[in-house]
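Let's walk through this model together, one region at a time. Keep the viewer open and click along as you read.

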Amino acid sequence: MMETKAFVNWQAVQKILDKETTQGLSATLLFTRSGALLTSAGEVTDENIISALVAKMWESYKQVQASTNFILVECEEGILGVCGLGKFLVCVYSNSYQYPLGLLKAKIERLVLKLDKPLSCC
């Protein structure tokens, strides 16, 4: 008997990222837990470097606190939130310190809920 494997609907994933990268958010990234960038939306520069660094931070936090499912980081040029979703990490970035932290967390949680179905095959 042949096992069928489902594939990620990347078009649907990209559409969700584009729609959720709204005013105040600079970028949204989706990458593997090892840091390989899969797709992004918004105005992002150095996406591959960002995804690799954030994945390493995520791994470090998970080693210390295994139950971690959300990280909020203040950076030199803004704030970012990271959340795990199966084999993936979702990162939302704002280059404004004025963006409310609670709203950033709510945005990434909503994004994870929306991405759960298109990414559930993996």
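R110 sits in helix α3, where helices (H or I, at least four residues) and strands (E, at least two) are DSSP runs numbered from the N terminus. This is a predicted model, in which local features need pLDDT of at least 70 and side-chain atom pairs count only at pLDDT 80 or more, while totals for chains, interfaces and linings use all residues. Residues are numbered from 1 along each chain as its sequence is written, and side-chain values use heavy atoms, with hydrogens and water left out.

Not counting residues up to four places away in sequence, I108 touches F70, G81, V82, C83, V90, C91 and V92, a contact being heavy atoms within 4.5 Å. I108 and D18 are 90 residues apart in sequence and 13 Å apart in space, C-alpha to C-alpha.

Now turn to helix α1, residues 10-20, where V13, I16, L17 and E20 are buried. Seen down the axis of α1, these buried residues fall within an arc of 95°, so they line one face of the helix; the arc is that of the directions from the helix axis to the C-beta atoms. An α-helix has 3.6 residues a turn, so residues three or four places apart point the same way. On the face of α1 turned away from its buried side you will find the exposed residues Q11, K15 and K19. The cover over the buried residues of α1 includes β1 (27-32), β2 (37-42) and α3 (101-119).

Leaving aside neighbours within four places in sequence, V13 is in contact with V8, L30, T39, L115, P118 and L119. V13 also belongs to the largest nonpolar core, which has 21 residues, and is among those that touch the most other members, together with L17, L30, V90, L111, L115 and L119. A nonpolar core is a set of buried Ala, Val, Leu, Ile, Met, Phe, Trp, Tyr and Cys residues joined through side-chain atoms within 4.5 Å. Two or more residues of this core come from each of α1, β4 (78-85), β5 and α3, and the largest share, six residues, is from α3. A second, separate core of 14 residues includes A27, L29, F31 and L80.

Strand β1 is also the place of T32, which is buried with a relative accessible area of 18%. Leaving aside neighbours within four places in sequence, T32 is in contact with L38, A55, K87, F88 and L89.

Finally, look for the largest pocket, with a volume of about 450 Å³. On a 1 Å grid over the protein atoms alone, a pocket is an open set of points where a 1.4 Å probe fits, with protein on both sides within 12 Å along at least five of seven lines, and lining residues have an atom within 4 Å of a point. Grid points are joined across faces, edges and corners, and the volume is the space filled by probe spheres set on the points. Of the 19 lining residues, T45, I50, E77, L80 and Y93 are the closest to the pocket's centre. At least two lining residues each come from β1, α2 (47-64), β3 (70-75) and β5 (88-94), with α2 giving the largest share, four residues. By class, the lining has 12 nonpolar, three polar and four charged residues; Ala, Val, Leu, Ile, Met, Phe, Trp, Tyr, Cys and Pro count as nonpolar, Asp, Glu, Lys and Arg as charged, and the others, Gly among them, as polar.

Definitions and conventions. Buried means under 20% relative accessible area, exposed over 50%, partly exposed in between (1.4 Å probe, protein chains only).
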